[in-house]
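Me: Hi! I've got a model open and would like to talk through how it is put together. Can we start with the core?

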Amino acid sequence: MKFSQFSVGQYVSFDKTFSLTDYEKFRDFSADSNPLHWNRDFALASGSAQPILPLGLATSPFSAIAGMAFPGVPSLIISSSYNAHSPVHYDRDITYSAKITHISAEKRILKLELKAYEKTVALISGEMVVQARFDEWEIPADLTAEFTLTQPNNLVLITGSDGAI
């Protein structure tokens with residue numbers, strides 16, 4: 001793989017479902033045992049219909065995007081920021097996506113636009129800046145990503161000033 005193979009507009013997308021078991025693993029290493037994340041009665045009393053995933057757990061698939069796709073194996077996350085728009089709940093299919101919005105070839109840096117949503121509901125948006133540590137690298141045969149890179153369509157629609165085609 002070569003860093004020069006990346007282009008603005010490339011994107012990845014995949015689905016992830018979190019279970020209470022995922023939270024328990026997260027709690028073990030993060031020490032976040034807030035009952036809002038696991039206790040249904042507490043969640044109801046706080047105004048939520050059900051427990052809510054911690055943002056740190058809900059955003060963790062974005063790390064996989066950097067480590068497996070953009071740029072992949074030689075990645076180093078320089079910065080990331082997230083905005084939560086709606087709660088993320090357990091046992092729901094969440095779609096994660098990232099799109100390359102800027103490339104700095106001389107520094108081997110990719111700027112990514114991040115989104116997580118459930119059907120049509122926006123859950124999380126954000127940005128990530130990732131650096132490739134090498135210009136060129138081999139992907140180990142035992143590493144497989146659960147998603148593939150997609151090239152943007154180069155279709156342009158031009159309309160008149162009144163919106164008619």
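Predicted model: local features only at pLDDT ≥ 70, side-chain atom pairs only at ≥ 80, totals over all residues.

Me: Got it. Which residues of the largest nonpolar core touch the most other members?

Reply: Those are F62, I65, F70, Y96 and L112, in a core of 31 residues. At least two residues each come from β1 (11-16), α1 (20-30), α3 (55-58), α4 (61-68), β3 (94-104), β4 (109-118) and β5 (121-132).

Me: And which element gives the most to this core?

Reply: That's β5, with five residues.

Me: What does Y96 touch?

Reply: Leaving out residues up to four places away in sequence, the list includes V12, F14, A58, P61, F62 and A116. K16 and K115 are also among the residues that Y96 touches.

Me: Switching to the sheet: what's the strand order?

Reply: β1-β3-β4-β5-β2, in an open sheet of five strands with antiparallel pairing. β1 and β2 (75-84) are the edge strands, each pairing on one side only. From one strand to the next, the twist averages 20°.

Me: How many bridges join β1 and β3?

Reply: Six, in the antiparallel sense. S13, for instance, has S97 in β3 as its bridge partner.

Me: Nice. Where do the helices fall along the chain?

Reply: From the N terminus, the elements run β-α-α-α-α-β-β-β-β.

Me: Last one: what share of the 165 residues counts as buried?

Reply: 33% of them. The accessible surface comes to about 9800 Å², and carbon and sulfur atoms hold 51% of that.

Definitions and conventions. Residues numbered from 1 in each chain as written. Heavy atoms only, no water. Helix = DSSP H or I, 4+ residues; strand = E, 2+ residues; numbered from the N terminus. Buried < 20%, exposed > 50% of the residue type's maximum accessible area, 1.4 Å probe, protein only. Areas by Shrake-Rupley, 256 points an atom, 1.4 Å probe, with all protein chains shown as cover. Core = buried A, V, L, I, M, F, W, Y, C linked by side-chain atoms within 4.5 Å. Contact = heavy atoms within 4.5 Å. Pairing = 2+ DSSP bridges. Axes fitted to C-alpha atoms, helices over the stretch in contact; angles between N-to-C directions.
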